[in-house]
Amino acid sequence: MKTGGHFVSARKATTAYLVTNIHQQCSHCNSDQSTAGKMYEHGKYIDKTHGQGTADWLWNISKIPYHFSRPDLIELRDKTIEYLNKHDSLTNIRDKYELLEEYRQWQESTNWFNEIKKLIQ
């Protein structure tokens, strides 16, 4: 069974919800403490998928404390549910990847994402 594996632990609020930090991972690799989620391999995959340096960027911003506002969390929840429902209705893998890219672009256009970016600059 596949689950959503986080490259940077979901305990880090700054990166917990970023789609670039979450990818499909088998349940064993995601939950077995001895594999640590195969972090190194996950980071390499992130760089290959999202561009060189993305894993380092995620790692660096995860160290910055950030507290989401309640309205931001509600918007994030609602948008995620909307995109998951769209995803479930799609059958073509290319359409699913395009939807994921659309969701990533939405995240990167939000106020909270841009506030996080400012904290690291």
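Let's start with helix 5, residues 70–89. At 1.5 Å a residue, its 20 residues should span 28 Å, and the end C-alpha atoms sit 29 Å apart, which agrees. The expected span here is 1.5 Å times one less than the number of residues. Helices are DSSP runs (H or I, at least four residues), numbered from the N terminus.

Some ground rules. This is a predicted model: local features need pLDDT of at least 70, side-chain atom pairs count only at pLDDT 80 or more, and totals for chains, interfaces and linings use all residues. Residues are numbered from 1 along each chain as its sequence is written, and side-chain values use heavy atoms, with hydrogens and water left out.

Stay with helix 5. Which residues of helix 5 are buried? Asp72, Leu76 and Tyr83. Buried means under 20% relative accessible area, exposed over 50%, with partly exposed in between (1.4 Å probe, protein chains only). Those three cover an arc of only 40 degrees around the axis, which puts them on the same side of helix 5. The arc is taken from the directions from the helix axis to the C-beta atoms. Turned away from that buried side are the exposed residues Arg70, Pro71, Asp88 and Ser89. The cover over the buried residues includes helix 6 (93–109) and helix 7.

Now the N-terminal end. Ser69 caps helix 5 there: a side-chain oxygen lies 3.1 Å from the backbone nitrogen of Asp72.

Next, helix 4, residues 54–62. Its buried residues are Thr54, Ala55, Leu58, Ile61 and Ser62. They cover an arc of only 135 degrees around the axis, so they lie on the same side of helix 4. Their cover includes helix 1 (13–16), helix 3 (39–50) and helix 7 (111–120).

On to the core. A nonpolar core is a set of buried Ala, Val, Leu, Ile, Met, Phe, Trp, Tyr and Cys residues joined through side-chain atoms within 4.5 Å. The largest one has 18 residues; Phe7, Leu18, Leu58, Tyr103, Trp112 and Ile116 touch the most other members. Helices 4, 5, 6 and 7 each give two or more residues to this core.

Take Tyr103. Not counting residues up to four places away in sequence, Tyr103 touches Val19, Leu76, Lys79, Thr80 and Tyr83. Contact means heavy atoms within 4.5 Å.

Last, Arg104, in helix 6. Is Arg104 buried or exposed? Arg104 counts as buried, because its relative accessibility is 16%. A polar contact of 2.8 Å joins the side chains of Arg104 and Glu108. Leaving aside neighbours within four places in sequence, Arg104 is in contact with Val19, Thr20 and His50. A polar contact is a pair of N or O atoms within 3.5 Å; within protein, one must be able to donate a hydrogen and the other to accept it, and residues adjacent in sequence count only if both atoms are side-chain atoms.
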